[in-house]
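Work through the exercises below with the sequence and the structure at hand. Each task is followed by a stepwise solution.

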Amino acid sequence: ELFIKHKITFPVLMLRNSALWIDSTSKSKLDKYNISEQDIFLQEEEVIKKFIKSNAADAISLSSKKQQMQNIFDEIVLQAKAIDPTLEKAVLGEKQNVSNAIDKLEGKLLRAEKQRSETTIQHIRNGKNKLFPKEGLQERSDNFMQYYIKYGESFIDELVEQLHPFNYQFTILTDTGS
């Protein structure tokens, strides 16, 4: 109403650009731990779980053992049905119990692997917190001056070159270390 009263055109509202700056140290850690740019947007525990599974998949995965168990129980079901068809449900119940036990063991293996990799996990947490302070956007807690002091005028030039006002996508900027 105020714009109408003063006969002023209401300005066009538009979203501002959002960006994430990944410095060379953070980039090398992401590469070292095989964490992609898409992965950094996952919840912290998801990133850790993905890292553990990718680096210790053979050590903690019991899927092949579980499949072997399923095959054995399938044979037992056939044998039980041949003797007494009413035993089938009992065997299938035991099959489910053993399957649940294997899943539980796999969870324990995952937790043990997490404890064994605690230093690496702490590096991942610190990196995630550096890129998303307090689980928020970096641009809302970091002051651009710290980057300007470190990179000088080239930092502003990089922002001008990479950020386009009508591009409403989240932009990831990476320090190449050069």
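Helices (H or I, at least four residues) and strands (E, at least two) are DSSP runs, numbered from the N terminus. The model is predicted, so local features need pLDDT of at least 70 and side-chain atom pairs count only at pLDDT 80 or more, while totals for chains, interfaces and linings use all residues. Residues are numbered from 1 along each chain as its sequence is written, and side-chain values use heavy atoms, with hydrogens and water left out.

**Exercise 1.** List the elements of the protein chain and decide whether the chain is spread out or compact.

Step 1. The protein chain holds 8 helices and 2 strands. Their order from the N terminus is α-β-α-α-α-α-α-α-α-β.

Step 2. The radius of gyration is taken over C-alpha atoms, and the globule rule is 2.2 Å times the number of residues to the power 0.38. For 178 residues the rule gives 16 Å; the radius of gyration of the protein chain is 27 Å, well over that, so the chain is more spread out than a compact globule.

Step 3. The C-alpha trace spans about 90 × 50 × 25 Å along its principal axes.

**Exercise 2.** Describe how helix α4 packs with helix α5.

Step 1. Axes are lines fitted to C-alpha atoms, for helices over the stretch in contact, and angles run from 0 to 180 degrees between N-to-C directions. Between α4 (residues 63-83) and α5 (residues 88-116) the angle is about 170°, and the axes are 9 Å apart.

Step 2. Angles under 35 degrees count as roughly parallel, over 145 as roughly antiparallel, 65 to 115 as roughly perpendicular and the rest as oblique. Helices α4 and α5 are therefore roughly antiparallel.

Step 3. Contact means heavy atoms within 4.5 Å. Residues of α4 in this contact include M69, F73 and V77, and those of α5 include L92, V98 and I102.

**Exercise 3.** Classify the ring pair of Y147 and F155.

Step 1. Rings of Phe, Tyr and Trp (its six-membered ring) pair if their centres lie within 6.5 Å; planes under 30 degrees apart count as stacked, over 60 as edge-to-face and the rest as tilted. The count by this rule is 9 aromatic pairs.

Step 2. The centres of the Y147 and F155 rings are 5.4 Å apart and the planes lie at 20°, so this pair is stacked. Y147 and F155 belong to one aromatic cluster with W21 and Y151.

Step 3. Buried means under 20% relative accessible area, exposed over 50%, partly exposed in between (1.4 Å probe, protein chains only). Both Y147 and F155 are buried.
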